[in-house]
Amino acid sequence: MHRCDVAIVGAGPAGLSAARAAASHGARVLVVDPQAAPGGQVWRQDVRHGAPGPARALRAQLARAGVGLLLQSEVVGHSGSRLFLRSGHEAASIDYGTLVLATGARELLLPFPGWTLPGVTGAGGAQALAKQGWPLRDKRVVVAGSGPLLLAAAATLRRHGARVVGIHEQASRQAVAGFAAGLWRWPGKLLQAARLRAALWDVPYRTGSHVLRALGGHALRAVELSLEGRVVTVDCDHLACGFGLVPNIELAHMLGCALQADGAHAHVRVDQWQCTSVPNVFAAGEACGIGGVDCALVEGEIAGHAATGHGNAAGRLQARRRRARGFAARLRRHFALDPALHALAGPDTIVCRCEDVPMSALAAYAPGREARLMTRCGMGPCQGRICGSALAELGGVARSGFRPPIFPVPLEVLAGFGDAHPAGQSQEL
């Protein structure tokens, strides 16, 4: 059992920033994260190149401040002001005074014919695999989808020896040009974009282009793409395809935090101090709406100050927060998904990868509980994180509730909690 003044779930930029701010006021801080090293997805430890400079600097500051790290641990539920965790192969718990949710986001993956073939991953997933040592040298890679993550993923893949044969952005040339024309308002972002493009100077960057299908028998061998109204086929060994991000809101929902609709998805609703609708529970970063690393850093800092009762310090960061969120809103407008992407899946296309449920199997049942019970869609190891988000985006089965445990957990770990069982809102998925 652990006790702390401020518990932080998530060791990405938002969580680490919140920990630094809270610790600066003398609070006992404990950060929980499932990875083996702090940094989250955006600052994931690279086996060849280490962690990015900002991540290393922030880690060093937290070490000097005595911030506790509980790594390779996942929150599976809660009861009152206690979190229940799976820490390695053991049960653990944290009693906290205030809680900061910095749970980040996951990729939005939309089904299309062939998307379950070996060799097809999300753009962020390919980036994570490369950083973890997946062999990519001399592999021909096509990067497709939407948003700046495509450039970041392509740069990482090339850095690890892959041959990036093309980047296919679904947004139109006019939308991308309009976005680039406004980057002068954010010089740091302009410089970052210039560096990424310079690193990929010889890689074709196609706008108004999106994936149609992945081709192959037992593994990917080519990808069929729509390119300015034409259908082209590109031979490749790997397809990295990402359509944006979805906030991780499961823990916030179980805690009773109010959510706010965000298109087909939802994020945690917070006030100017990053406080949720639940007293003593704060949220920051992507859980509050997709905004990128700048939003995560400033919102984490606000949450860390506010969670320790230092509203004046948090108040001085409001202008910086508005600026970061302004950039995020612009990004979202210019890279909005083309409705054509919602029609890629055919009747035989697998929607739920865990349970092999095709799109046609869902047509006969009402969205939600009935479809889930009759087809097992959303009942696999990912617990609907992939298919649930995809179906919400496609206008089908929206995720409306979550039940504990948040992540799959062995029975021996559940037994380790004894009489104090994880609670949660038992609502339908």
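1. The axes of helix α5 (residues 173-181) and helix α10 come within 9 Å and cross at roughly 165 degrees. Axes here are lines fitted to C-alpha atoms, for helices over the stretch in contact, and angles run from 0 to 180 degrees between N-to-C directions. Helices (H or I, at least four residues) and strands (E, at least two) are DSSP runs, numbered from the N terminus. The angle makes α5 roughly antiparallel to α10 (the term covers angles over 145 degrees).

2. The model is predicted: local features need pLDDT of at least 70 and side-chain atom pairs count only at pLDDT 80 or more, while totals for chains, interfaces and linings use all residues. Residues are numbered from 1 along each chain as its sequence is written, and side-chain values use heavy atoms, with hydrogens and water left out.

3. α5 passes α10 in a right-handed crossing. A crossing is right-handed if the near helix is turned clockwise from the far one by less than a right angle, and left-handed if anticlockwise. On the α5 side, Ala-175, Gly-178, Phe-179 and Ala-181 meet Phe-327, Arg-330, Leu-331 and His-334 of α10 (contact means heavy atoms within 4.5 Å). By class, this contact has five nonpolar, two polar and one charged residues. Ala, Val, Leu, Ile, Met, Phe, Trp, Tyr, Cys and Pro count as nonpolar, Asp, Glu, Lys and Arg as charged, and the others, Gly among them, as polar.

4. Helix α8 (residues 293-307) packs on α10 (residues 318-334) at an angle of about 150 degrees, with the axes 9 Å apart. α8 is therefore roughly antiparallel to α10. The crossing of α8 and α10 is left-handed. Residues in the contact include Leu-297, Val-298 and Ile-302 of α8 and Arg-321, Ala-324 and Ala-328 of α10. The class count for α8 with α10 is six nonpolar, one polar and six charged.

5. An open sheet is formed by three strands in the order β12-β13-β14, with antiparallel pairing (two strands pair if DSSP finds at least two bridges between them). β12 (209-216) and β14 (230-235) are the edge strands, each pairing on one side only. Seven bridges join β12 to β13 (residues 220-227). Leu-220 in β13 is the bridge partner of Gly-216.

6. The count of aromatic pairs is four. Rings of Phe, Tyr and Trp (its six-membered ring) pair if their centres lie within 6.5 Å; planes under 30 degrees apart count as stacked, over 60 as edge-to-face and the rest as tilted. Phe-84 and Phe-417 have ring centres 4.9 Å apart and planes at 70 degrees, so this pair is edge-to-face. Phe-84 lies in strand β5 (residues 82-87) and Phe-417 in the segment after α14 (411-416), 333 residues apart.

Terms used. Parallel < 35°, antiparallel > 145°, perpendicular 65-115°, else oblique.
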